[in-house]
Amino acid sequence: MPLSEELDMATATFESTAPGTGAVVGVFPVHDTDAVTETVARARPAAEHWAALGFGERKLRLAAYRGYLARRLHELADLVHRENGKPHADAVLEITLAIDHLAWAGAHAPRTLGLRRVRAGLLAANHAAYLEYRPLGVVGVIGPWNYPVFTPMGSIAYALAAGNAVVFKPSELTPAVGVWLAAAWRAAVPDCADVLQVVTGAGETGAALCRAGVDKLAFTGSAPTGRRVMAACAETLTPVLLELGGKDAMIVDDDADVPAAADAAVWGALSNAGQTCIGIERVYATDAVYDRFVAEVTAKARDLSAGAHEGAHYGPMTMPGQVDVVRRHVEGALAAGGRAVVGGTVDGALIAPTVLVDVPADADAVREETFGPTIVVSRVADAEEGLRQANASVHGLAGAVFSGSRTRALDLARRMRSGMTSVNSVLTFASVPALPFGGVGESGFGRIHGEDGLREFTRAKAITRRRFPLPVDLMSFTRPEAAADAVARVIGLVHGRHR
Ligand code: NAD
């Protein structure tokens with residue numbers, strides 16, 4: 001599988017490098033406005049052909065794609081490891097989830113989107129009513145680097161299954177993975193090769209994709225970039241889906257299984273070096289469990305090792321600039337009276353597992369997305385206070401509740417201001433393809449995954465068909481004068497009794 005696109009001498013290029021070592025992983029073209037526009041133009045006839053194939057034929061080809069990915073899982077995982085820095089095993093997990101989503105999207109598209117009859121209702125009783133969800137055409141997907149397979153596939157799989165062609169711009173930090181995914185599509189589905197294409201480059205290439213006349217732009221990344229994407233898309237009234245950052249909280253209630261909560265918090269906060277949009281960044285533990293929880297988290301976090309070596313629990317930071325953000329948050333928390341019970345140190349791109357306590361609620365480490373291997377644990381009087389603090393955030397992506405009571409946990413989960421919440425585990429919703437994925441507030445809007453994720457890449461189409469004429473046609477100039485009064489009487493009988 002080639003890691004680099006064919007390059008001619010006139011094309012500007014950029015390198016992607018391995019985090020930590022700086023070894024070059026691949027060289028890629030910087031696609032400019034013309035190149036992006038050409039790619040989208042190539043996608044147009046491909047989209048028409050793909051849409052015309054219908055659900056059954058598309059499902060076969062999506063299956064061929066996932067089969068191809070499954071057979072080369074370790075090859076792709078190795079590339080993700082090299083380019084993103086995460087352990088090979090984590091990359092395997094990420095790809096496994098993406099394959100599962102591809103399977104679900106292909107299998108559920110017909111029933112979710114296909115033509116179906118709906119009740120016509122009283123006023124149109126002599127008509128049949130139909131609803132279907134038709135593809136939009138060409139969807140632009142702009143992705144981040146932290147889950148370079150799973151995250152963009154959340155848009156790509158659902159957009160493809162809904163009948164669209166996709167032009168994908170991977171992050172400039174993980175272009176090799178994006179190019180690999182598109183090459184895999186061409187190899188697995190050669191008769192629809194242009195249905196999934198990739199363009200490479202940094203922000204300017206992404207901005208060009210926003211302005212290239214795509215029918216929808218699915219963006220996953222930071223909130224500041226999301227604002228720029230939305231502004232660029234507004235120029236051409238291109239609809240957008242925004243999957244942005246989070247500051248996810250876990251609530252640990254009085255009757256929670258504390259060791260299980262601690263284990264999940266450590267994984268949710270520190271795996272992938274904390275570079276997880278739905279990672280746990282804050283924990284609100286009730287007074288009853290706080291000391292035990294902090295002791296368990298401390299013991300577990302101390303055992304973890306960061307690095308590029310075999311057996312490391314997580315890798316170096318993928319994006320060099322993020323190290324400064326993490327350092328600023330940790331230093332700010334300590335300066336404000338917080339304590340690092342574990343870690344707090346930075347060594348180049350390696351950040352030690354860091355557990356912070358006694359951090360004031362207005363510190364950046366509590367308010368802003370840190371996106372590093374850190375966790376802030378705060379003491380609260382009870383779960384209600386935990387919920388209040390969890391919800392006091394401009395972000396609202398996901399979260400977790402640990403509680404011994406199913407009723408109480410579900411109640412807290414439902415009132416958590418977030419798009420997704422897991423009870424007695426972390427991040428689980430992302431592995432349930434039937435569940436929609438997306439945030440509220442500054443975490444964005446729109447949904448990938450599940451039936452909502454399929455519909456996100458479609459437009460609803462409504463059709464009525466007259467089955468037989470009525471003696472009186474209300475929507476005709478031939479209707480008798482008394483007809484409106486008769487209708488008013490019927491409506492009075494049906495609806496007028498409601499007070
Ligand atoms: P980023 O915003 O820096 O970049 C994301 C993508 O946008 C990249 O491909 C980049 O090249 C492109 N881009 C940059 N400027 C652009 C512009 N002006 N127009 C169009 N595209 C442009 O984000 P990142 O650092 O790659 O990713 C980390 C962020 O992504 C974090 O905030 C994380 O929480 C978020 N994230 C969210 C989800 C989710 O599903 N909600 C998933 C993963 C990551």
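Predicted model: local features only at pLDDT ≥ 70, side-chain atom pairs only at ≥ 80, totals over all residues.
**Loop residues, ring pairs and the ligand site**

At 74% relative accessibility, L237 counts as exposed. Although L237 is not a glycine, its phi is positive, at about 50°.

A positive phi also turns up at H449, again not a glycine, with a value of about 70°. H449 is found in the loop between β19 (444–445) and α14 (450–455). L237, in contrast, counts as exposed.

Attention now turns to the aromatic side chains. A pair of aromatic rings is described by the distance of the centres and the angle of the planes. The count of aromatic pairs comes to 7. One of them joins W145 and F371 in an edge-to-face arrangement, with 5.7 Å from centre to centre and 80° between the planes. This pair links distant parts of the chain, its members being 226 residues apart. W145 belongs to the loop between β5 (138–142) and α4 (150–161), while F371 belongs to the loop between α11 (364–367) and β16 (374–380). Both W145 and F371 are buried. Ring pairs also link W50, Y65 and W185 into a cluster.

Rings meet charges as well. The charged end of R72 sits over the ring of Y68, at 3.6 Å from the ring centre. Likewise, R455 places its charged end over the ring of Y133, with 5.1 Å to the centre.

The ligand has 30 residues around it, and those that come nearest are E172, S222, T225, L244 and E369. For S222, an N or O atom of the side chain is 2.6 Å from an oxygen atom of the ligand. For T225, a polar side-chain atom lies 2.7 Å from a ligand oxygen.

In α13 (residues 406–415), the buried residues are A409, L412 and A413. These lie on the same side of the helix because they cover an arc of only 100° around its axis. The face of α13 turned away from this buried side carries the exposed residues T407 and R414.

Helix α3 (residues 88–113) holds T112, a residue that counts as buried at 2% relative accessibility. A polar atom of the T112 side chain lies 2.7 Å from the backbone oxygen of H108.

In helix α12 (residues 383–391), E385 deserves a brief look. Its relative accessible area is 22%, so E385 is partly exposed; the limit for a buried residue is under 20%. Between E385 and C277, the separation is 108 residues in sequence and 24 Å in space, taken from C-alpha to C-alpha.

Definitions and conventions. Residues numbered from 1 in each chain as written. Heavy atoms only, no water. Phe/Tyr/Trp six-rings, centres within 6.5 Å; stacked < 30°, edge-to-face > 60°. Helix = DSSP H or I, 4+ residues; strand = E, 2+ residues; numbered from the N terminus. Buried < 20%, exposed > 50% of the residue type's maximum accessible area, 1.4 Å probe, protein only. Lys NZ or Arg CZ within 6 Å of the ring centre and 35° of its normal. Near = heavy atom within 4 Å. Polar contact = N/O pair within 3.5 Å; in protein donor to acceptor, adjacent residues only side chain to side chain. Arc of directions from axis to C-beta.
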